[in-house]
Amino acid sequence: MSSSNGTGAERSASLSASASSAASSPASAPARSAPQQPASPPSSGRRSENSTGILFGVGAYVLWGLLPLYFVLLVPAGAVEIVASRIVFSLVFCAALLTTLRSWKATAAAARNPRLVATLSGAAVLIAVNWLTYAWAVLNEHAVEAALGYFINPLVSVLLGVVILKEKLRPLQWVAMAVGFVAVLVLTFAYGTVPWVALALAFSFGLYGLVKKGVGGKVDAISSLTIETAALTPIAVGVLIWLSLSGTATILSNGAAHFWLLAASGIITAVPLIFFGAAARRLPLSTVGMLQYLAPTLQFIIALAVFKETMPPERWAGFGLIWLALVILTADMMGGPRRNRLLRAAGV
């Protein structure tokens, strides 16, 4: 759920221009040798950007990790009402944010592109499936399996890259995929059935990321979320009306506190996405990849410590294999920069 771009190239170009200007003035070379040393400010600037990016990234994933506690506060609302409210109030919050930031122009420009709107509408359906599955899982004592879904997600993303984008896997990635496949078999035995909740979450979010990857830098995070929620809002409003008419809606019948908790879902949906976008613009992909394990780790801890869900030995074995696959995948990812340097040195 992210779009990333960077300004590092602009900074590098600016520094290169300054250096070449100083080098082309022999008369002033002695005098200019001292000022040429401010190589440290850009370095400290990059460190500052990195630190800011890590803070935003940690903030995003911690908020996502604590989401199960928020859903419990929304009881007696069911998963369908929670997701419908989340969609409607996310649109309200995005509209307020766009007005405050005076960013309607960019959103309007994106909304005039039929192909982009169609793509984002497809992404909206996928994220709605993800939200609905996750809310149902948390409210029906499947929080551990929901956490498993987000642990599996990186493996699913690699699989989608192979199947849909025709990417080639490196040896370590093949090993990680094989270990992940064995883990799913073990967990199928542990649960007595295929872990559909985990797989639905992993594939819906993986496909959502794939669709958003196709959008690239054509739209910013807030405009993207605005268009996605706008596409879903008519359905969400219809669902809320239907729930009200059938007497099962809680948004207006459980007091002001309950209403405002549901209304806050707009903020709780948008803020982590904005934080994530800010982090993705500042951090290398490998760092973002490492941070993403924060959310399912917190969800897993909450499921065990707060919701008291059970973890029999065979389920621990399945989770252990998933974590091993993630360690292998992370090791491959962290070795990427070194591998690229060696390939460049070899002229490949």
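Reply: Let's go through it one feature at a time. This is a predicted model, where local features need pLDDT of at least 70, side-chain atom pairs count only at pLDDT 80 or more, and totals for chains, interfaces and linings use all residues. Residues are numbered from 1 along each chain as its sequence is written, and side-chain values use heavy atoms, with hydrogens and water left out.

Me: What does the secondary structure of the chain come to?

Reply: Helices (H or I, at least four residues) and strands (E, at least two) are DSSP runs, numbered from the N terminus. Here you get 17 helices and zero strands.

Me: And how much of the chain counts as buried?

Reply: Buried means under 20% relative accessible area, exposed means over 50%, and partly exposed is in between, using a 1.4 Å probe and protein chains only. In this chain of 348 residues, 41% count as buried.

Me: How do I read contacts along the sequence?

Reply: A contact means heavy atoms within 4.5 Å. Take the contacts between residues at least 6 apart in sequence: 86% of them join residues at least 24 apart.

Me: Now salt bridges. How many does the structure hold?

Reply: Look for a side-chain nitrogen of Lys or Arg within 4 Å of a carboxyl oxygen of Asp or Glu. The structure holds three. One of them joins E49 and R282, at 3.7 Å from N to O. E49 sits in helix α3 (residues 40–65) and R282 in helix α13 (residues 265–282), so this pair ties together parts that are 233 residues apart in sequence. E49 is partly exposed because its relative accessibility is 29%, and R282, at 26%, is partly exposed as well.

Me: Which residue forms a salt bridge with D332?

Reply: That's R170, with the closest N and O atoms 2.6 Å apart. D332 is in helix α16 and R170 in the loop between α8 and α9 (171–191), so the pair links parts 162 residues apart in sequence. D332 counts as buried, at 3% relative accessibility, whereas R170 is partly exposed, at 31%.

Me: What about E228: which residue is its salt-bridge partner?

Reply: K212, with the closest N and O atoms 3.0 Å apart. E228 lies in helix α11 (residues 221–245) and K212 in helix α10 (residues 196–215), so the parts they tie together are 16 residues apart in sequence. E228 is buried at 3% relative accessibility, and K212 is buried at 10%.

Me: Which residues form the nonpolar patch on the surface?

Reply: L159, V163, I164, L165 and F203, with about 380 Å² of accessible area together. Patch residues have over 30% relative accessible area and no salt bridge; like charges are joined within 9 Å, nonpolar side chains (Val, Leu, Ile, Met, Phe, Trp, Tyr) within 5 Å. V163 lies in helix α8 (residues 143–163) and is partly exposed at 48% relative accessibility.

Technical notes
Areas by Shrake-Rupley, 256 points an atom, 1.4 Å probe, with all protein chains shown as cover.
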